[in-house]
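Okay, everyone, let's get going.

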Amino acid sequence: PRKIIIDTDPGQDDALAILLAFASPELDVLGVTVVAGNVPLALTELNARKICELAGRSDALVFAGADRPLMRALVTAEHVHGKTGLDGPDLPVPTMKLQAKHAADFIIETLLAEQSGTVTLCALGPLTNVAQVLIRAPELASRIQQIVLMGGGFFEGGNITPTAEFNIYVDPHAAQIVLQSGVPVVILPLDVTHKALTTAKRIERFRAMGTRAGDASAALLEFFERFDEEKYGSDGGPLHDPNVIAYLLKPELYRGRKCNVAVDVANELTLGMTVVDWWGVTDRPKNALYIRYVDDEGFFNLLTDRVARLA
Ligand code: BDR
Ligand code: CA
């Protein structure tokens, strides 16, 4: 199986991504590293452990990382995710422990211990932890197989400012470091996730599983959708983070283009905007595979098929 580290700020959609990864035998989750984002770090790390236990994986390793972005004050999103960051289902207080090691130390040690080019970082939140690794150990960039991240958006506009997507906006400097690192980067932006809508019918498929994970997923998605549906006026809100894991499992569901992607770190109006040179009108290096299209039905089939396997 492919070795991955999930870097995350759960988050209902992060939770679904973690469930999808644990339910998929093609993936070996070496660890879950947690960052401040949707809610402060104390809550994202608690939520990550709740989700591991929901997946039946109390043996998973969860590490807490950065409690704030590299240079800016933390911006959170309780208006989307609720006070706990994981509002919706009533999940028990986890019994599994948080690892003592810092997330960045765990990632660095893992990259050194595993064969070079075999570990993929899946980033589902602000990129602070990943950037910390690249700042402290830039020579490890060549040992990372790929960084597959949910963040950004260009054609669809932003979701936290008119031009910026939340994960990139929260830590634009970290995002810029990742994009300039030379590591192969795949971006699943809002342009993709806004086509993956959690309609009532799709949520029903989780409830119909009749399992704990199915019920919890339905409750997570129902809460999450409440915000987005009202806002976007669509049947169902966008589902973001599980696209990262689905891309690893079935890249054929996605279509994009290698191009230059840069982050605005300087201008107030467009701070955190991902500027995508889709048409190649500059000679800036093609530093990312920017995904723009998804087979949304295929994506939901994959997600429900896998979550149904969890007891
Ligand atoms: C991203 O921001 C968070 O609120 C979600 O978990 C997702 O990672 C979407 O913009
Ligand atoms: Ca997230």
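The axes of α4 and α5 come within 9 Å and cross at roughly 55 degrees; axes here are lines fitted to C-alpha atoms, for helices over the stretch in contact, and angles run from 0 to 180 degrees between N-to-C directions. Helices are DSSP runs of H or I with at least four residues, strands are runs of E with at least two, and both are numbered from the N terminus.

Before I go on, this is a predicted model, where local features need pLDDT of at least 70, side-chain atom pairs count only at pLDDT 80 or more, and totals for chains, interfaces and linings use all residues. Residues are numbered from 1 along each chain as its sequence is written, while chains are lettered from A and ligands numbered from 1 in the order in which they are written.

Back to our pair. α4 and α5 are therefore oblique to each other: under 35 degrees counts as roughly parallel, over 145 as roughly antiparallel, 65 to 115 as roughly perpendicular, and the rest as oblique. Who meets whom? On the α4 side we have Ala103, Ala104, Ile107 and Ile108, and on the α5 side Asn129, Gln132, Val133 and Arg136. Contact means C-beta atoms, placed from the backbone, within 7 Å.

α5 also packs against α7, at an angle of about 55 degrees with the axes 8 Å apart. That makes α5 oblique to α7 as well. Here α5 brings Thr128, Val130, Ala131, Leu134 and Ile135, and α7 brings Ala174, Ile177 and Val178.

So how enclosed is α5? Seven of its nine residues are buried, so the helix is largely enclosed by the rest of the structure. Buried means 20 or more other C-beta atoms within 10 Å of the residue's own, with C-beta atoms placed from the backbone. The covering elements include β1, β2, α4, β4, β5 and α7.

Now the ligand. 15 residues surround ligand 1, and the closest are Gly11, Asp13, Phe166, His240 and Asp241; a residue counts if its C-beta atom, placed from the backbone, lies within 6 Å. α1 and α6 are the elements that give two or more residues to that shell.

One last thing, about Gly11: you'll find Gly11 in the loop between β1 and α1. The peptide bond from Pro10 to Gly11 is cis, with omega near -10 degrees. As a general rule, most peptide bonds are trans.

How values were computed. Buried ≥ 20, exposed ≤ 12 C-beta atoms within 10 Å, placed from the backbone. Contact = placed C-beta atoms within 7 Å.
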